[in-house]
Amino acid sequence: MKEKAVIRYIGVFVLGYLAYSLFLAPSGRGGTLDFGPVHSDGPKAELRHAAPDFSLMDLSGNSVRLSALRGQTVVVTLWAPWCPSCLKELPQLERLAGKLPEGVRILAIATDYSSPEEIRRIAREKGVRKLPILLDSTDDVGLAYDMRVFPSTYIIDGAGVVRYALRGVRNWESASALEDIRAVADFTNTSSAPPSP
């Protein structure tokens, strides 16, 4: 009996979290911006550290390496196909990709999936054509970024430093979302700091 009660409580919690994420979670400003000096609290510090590098394949079989994008502002979002909030964000990120200032890229990293075909199907269903989707079947990137919640988003400046972090949902079509991205892009364009290792 106790096992059934525990399972029931866990089920209620999961359903409650999903309902909150889909319908009640704040969709305005979210995450944290930080333009202070880079610190060295280890590779898993949330802000102001060198973004862990990665190289992943996109849906077309091309390799994309984060460090090859130095000089640009990069929005990295990690998502999973079973996450309703992630699926809600994908079309928003697709539309956002067409509104970004020059020198800004979005990389949507799919993780915790059963096959690349599953991700291709989701991309088709969600109308994703411009948004680069990268495949991380091992969740190495999520581990390197100490990701705890799907979706999670990081904005990395041109020197390769994480300047924004958000664990959870955001309305990426809001004016404040574009403002946060532009703030990091402007910082990239005006910063004279040398690239981080």
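Student: Let's start with strand 8, then: how many of its residues are buried?
Tutor: This is a predicted model, and in it strand 8, residues 162-167, is mostly covered, with 5 of its 6 residues buried.

Student: Which way do strand 7 and strand 8 run, and how many bridges join them?
Tutor: Strand 7 and strand 8 run antiparallel and are joined by 5 bridges. As one example of the facing positions, Ser-152 stands opposite Arg-167 in strand 8.

Student: And what does Gly-160 do in that hairpin?
Tutor: The hairpin of strand 7 and strand 8 has 5 residues between the strands, and Gly-160 takes a positive phi there, near 85 degrees.

Student: Switching topic: how many residues are in the largest nonpolar core?
Tutor: The largest nonpolar core has 51 residues, and Phe-54, Trp-79 and Tyr-145 are those with the most contacts inside it. Several elements each supply at least two residues of this core, including strand 4, helix 2, strand 7, strand 8 and helix 5. Strand 5 gives the most, with 6 residues.

Student: What does Trp-79 touch?
Tutor: Leaving aside residues up to four places away in sequence, Trp-79 touches a set of residues that includes Cys-86, Leu-90, Ile-109, Ile-122, Ile-133 and Phe-150.

Student: How many aromatic pairs turn up in the whole structure?
Tutor: A search of the whole structure finds 3 aromatic pairs. In one of them, the rings of Trp-82 and Phe-150 have their centres 5.2 Å apart and their planes at 80 degrees, and because planes over 60 degrees apart count as edge-to-face, this pair is edge-to-face.

Student: What about the rings of Tyr-145 and Tyr-154?
Tutor: Their centres are 5.1 Å apart and their planes are at 45 degrees, so the pair is tilted. Tyr-145 is buried, with a relative accessible area of 5%, and Tyr-154 is buried too, at 2% relative accessibility.

Definitions and conventions: Residues numbered from 1 in each chain as written. Predicted model: local features only at pLDDT ≥ 70, side-chain atom pairs only at ≥ 80, totals over all residues. Heavy atoms only, no water. Phe/Tyr/Trp six-rings, centres within 6.5 Å; stacked < 30°, edge-to-face > 60°. Buried < 20%, exposed > 50% of the residue type's maximum accessible area, 1.4 Å probe, protein only. Helix = DSSP H or I, 4+ residues; strand = E, 2+ residues; numbered from the N terminus. Pairing = 2+ DSSP bridges. Core = buried A, V, L, I, M, F, W, Y, C linked by side-chain atoms within 4.5 Å. Contact = heavy atoms within 4.5 Å.
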